[in-house]
Amino acid sequence: MEIIQKFGLEAKLFLFQLVNFLIVVFVLKRFLFSPLKKMLDERKRRIAQSLQDAENAKIALENADEERKKILANAKSNADKLTASVKASIDESRTEAIEEAKQHSAQILEDARHQAATEFENMSKEIGKISVNLSGKVLSKVLSDLFTEDEKQKLISRALEKIDEKITN
């Protein structure tokens with residue numbers, strides 16, 4: 001006790017201060033530290049949940065990136081197949097169009113040859129008729145001085161028949 005009195009401590013006052021201190025500790029523990037601990041625990045839990053969510057999002061992003069790469073590769077493959085198909089179709093259409101054009105031009109050429117032959121034949125007949133008429137007129141003039149009208153008609157008829165036979169053959 002001597003030590004206590006040397007420091008100037010009074011036992012009653014010390015006891016009241018100790019009781020006050022214990023009351024303050026109890027009140028702080030009950031009303032401040034417990035809610036504060038709950039709030040810190042809740043914050044810790046939310047931080048852990050956020051970290052877990054961030055990790056899940058990272059994994060989902062990686063999966064989405066892999067899925068995107070697969071989709072792009074699949075789309076490129078489909079596009080390449082479609083391009084090849086279109087090229088083949090174009091080549092086939094081009095070949096068919098060329099073949100059709102060749103057939104059409106051959107048909108036009110054949111029709112033109114046939115028409116030219118028909119026109120040549122018609123012109124030959126026309127020229128034959130003109131030559132027969134001309135020959136008849138020439139014979140009529142030449143023979144008018146030599147023969148009578150009946151003889152002249154017979155000769156002209158025979159000559160025209162022979163000329164007409166040669167032209168038609």
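Helices here are DSSP runs (H or I, at least four residues), strands are DSSP runs too (E, at least two), and both are numbered from the N terminus. This is a predicted model, where local features need pLDDT of at least 70, side-chain atom pairs count only at pLDDT 80 or more, and totals for chains, interfaces and linings use all residues. Residues are numbered from 1 along each chain as its sequence is written, and side-chain values use heavy atoms, with hydrogens and water left out.

View 1. The score to know is pLDDT, the predictor's confidence in each residue, from 0 to 100. Its mean over the chain is 86, and 93% of the residues reach 70 or more. Among the chain's elements, helix H1 (residues 2-7) has the lowest mean, 70, while H2 has the highest, 90.

View 2. A salt bridge puts a side-chain nitrogen of Lys or Arg within 4 Å of a carboxyl oxygen of Asp or Glu, and the structure holds 8 of them. Arg45 pairs up with Glu42 at 2.4 Å, N to O. Both sit in helix H2, 3 residues apart, or about one turn of the helix. Glu42 also bridges to Arg46, with the closest N and O atoms 4.0 Å apart. Those two are 4 residues apart in H2, so about one helical turn separates them. For exposure, buried means under 20% relative accessible area, exposed over 50%, and partly exposed in between (1.4 Å probe, protein chains only). Arg46 is partly exposed at 48%, and so is Arg45 at 46%.

**View 3. Lys69 meets Asp65.** Here the closest N and O atoms of the salt bridge are 3.7 Å apart. Lys69 and Asp65 are 4 residues apart in helix H2, which again comes to about one helical turn. Back at the previous site, shared partners join Glu42, Arg45 and Arg46 into one salt-bridge network.

**View 4. A nonpolar patch that includes Phe31.** Patches are made of residues with over 30% relative accessible area and no salt bridge; like charges are joined within 9 Å, and nonpolar side chains (Val, Leu, Ile, Met, Phe, Trp, Tyr) within 5 Å. Among the members of this one are Phe14, Leu18, Phe26 and Phe31, and the whole patch has about 1100 Å² of accessible area. Phe31 lies in helix H2 and counts as exposed, at 58% relative accessibility.

**View 5. A negative patch with four Glu residues.** Glu55, Glu62, Glu66 and Glu67 form this surface patch. Glu66 belongs to helix H2 (residues 11-144).

Notes:
Accessible areas come from the Shrake-Rupley method with a 1.4 Å probe; for residues, only the protein chains shown count as cover. Lys and Arg count as positive and Asp and Glu as negative; His and the chain ends are not counted. The place of a charge is taken as NZ of Lys, CZ of Arg, CG of Asp or CD of Glu.
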